[in-house]
Amino acid sequence: MLEQSNKITALYARLSSDDRQEGDSNSIVNQKRILKKYAVEHGYSPYEFYVDDGWSGTNFQRPDFQRMISDIDAGIVERVIIKDMSRFGRDYLQVGMYTEIIFPEKDIHFIAINDSVDSNIGSDDFTPFRNIINEWYAKDTSKKVRAVKKAKGLAGERTNPHTPYGYVKNPDNPKEWLVDEEAAKVVREIFNLCIQGNGPTQIAHILTERKILTPSAYALEKGTKRAGFLAADRYHWGSAVVAHILDRMDYTGCTVNFRTYTKSYKNHKKLNNPPEKWKIFENTQEAIIDRDTFDIVQKIRQGRRRNTSMGELPILSGLLFCADCGHRLSLLRRRCETEDKQAYVCGAYRADKDACTSHYIRSNAIETLILENLQDLTSFVSAYEDEFVRTVMDANMKQHNKDLAQKKKAFKGKQNRIAELDDLFTRIYEDNVNGKISDERFVQMSQRYENEQKTLKSEIEDLRLEIEDDESHSVNVNRFIARVRKYTNIQELTPEILREFIDKIIVHAADKSSGKRLQEIEIVYNDIGVIDTSKITVSRGKALKSA
């Protein structure tokens, strides 16, 4: 008997990438054939297909599934037919919510053909168990996929199939990434703009004004992404996109696996792993950004520069640190003051006068000092390169050897203490056996010794890693010399020069005990750290005497 209705019958089909491995029986074509045949034989018309191809059964935000639910809410669907319960979903709680609560409330006739489920005939007591089995299948599949993915990631294979903006897959070898020079040029520009002192928001504005295609729009134009991913404005860059590009180590030629993870097979939201859990494989593709530039950008990103209330971006913002409390120094300038009155003060002191002292220093004074120091240093390097290498290496090795010796001494002391605790434990055990100490006292003492040993073992492991790192570490003087050759005649400070040469600047409190205002600063250079020529007093520079 044919049924005629103004409402439609929804024929829902779903296939995930894992289901494809089972063969043609679960294919979309096969599901649609079975659903159509059943609808026609039972006179369920008109009907409409809702199809989600390539979507996991644990994800209920599937496009056509949500379209079907919207049509049900709109009252235009009276019946839902699926091939079997696993096609509807593999989360028994979600499946139960729809089939046992929402559909009955909406008076939806629900049919799962191969599982003999028909809500008009009556409930099947086995259906909830079948849904649990379907979820177990999803859980087991997810576990296997994670294991395979982890094994590949540890072996150096890329766990992310998508190439970042700036690369394309080699048509002859999809596992190989090739530089897409057109996009790579934009990536280099983004890094250069960051070094020049621009944040992600400012860089996004610059790229938007220049009408440079966004990564999504560029991928669509090149035919590597579907149209549904295109934003409304093809040239509208977002700060989050820029920040993501600046954070990607892949541009240095590395493969970085396990940067993100998901909590479970049900929750598909990606969470960031801490860097110590990453697996990095060097030189897996041609670099777009050299490692030196990438490292400088990361330091800039860690010490983000902020505009003042007057809309200015201080050139030294994010580089100055208080020698006493470690807080950053911030620019202090009142609207009525001229530029030469600008000064930096300790951020902790500015927030709470009792937290620290001001560490007040004029901006023009410290900028002049840094410029003169940088000019002297670069001139010395240019003229006496070999001597400079020896000076830096000697100074570094002295400090390095001192620190390493202290760590090794601490390491040996903790090892000796663990041995002492083993002896003590043996003694109290014998005393307990001989009746010299009670069982209660033995338990208390042994627990205390075990806790101390556990703490010592953890500290020893940390020290061991630090010692290994220190023993393999050396100052990269050649990288610093390469920068000097790049800037042969520095006449003024720019954000780019500052970030390329300087890691941070430590400002000490002023000393007035001699009757003069003396203030020490330490300039910590990238790659070479603090050297003797960078430890000077404010009173030395002519322009600084008035500070």
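## Helix α2

Helix α2, which covers residues 28-41, has 14 residues and reaches 20 Å from its first C-alpha to its last, close to the 20 Å expected at 1.5 Å a residue, where the expected span is 1.5 Å times one less than the number of residues. Helices here are DSSP runs of H or I with at least four residues, strands are runs of E with at least two, and both are numbered from the N terminus. The model is predicted, so local features need pLDDT of at least 70 and side-chain atom pairs count only at pLDDT 80 or more, while totals for chains, interfaces and linings use all residues. Residues are numbered from 1 along each chain as its sequence is written, and side-chain values use heavy atoms, with hydrogens and water left out.

In α2, the residues I28, N30, Q31, I34, L35, Y38 and A39 are buried, meaning under 20% relative accessible area, whereas exposed means over 50% and partly exposed lies in between (1.4 Å probe, protein chains only). Seen down the axis of α2, these buried residues fall within an arc of 165°, so they line one face of the helix; the arc is that of the directions from the helix axis to the C-beta atoms. On the other side of α2, V29, V40 and E41 are exposed, and just after the helix G43 takes a positive phi of about 70°.

## A buried serine

S16 is found in the loop between β1 (3-15) and α1 (17-20), and S16 counts as buried because its relative accessibility is 9%. Leaving aside neighbours within four places in sequence, S16 is in contact (heavy atoms within 4.5 Å) with G54, W55 and S56.
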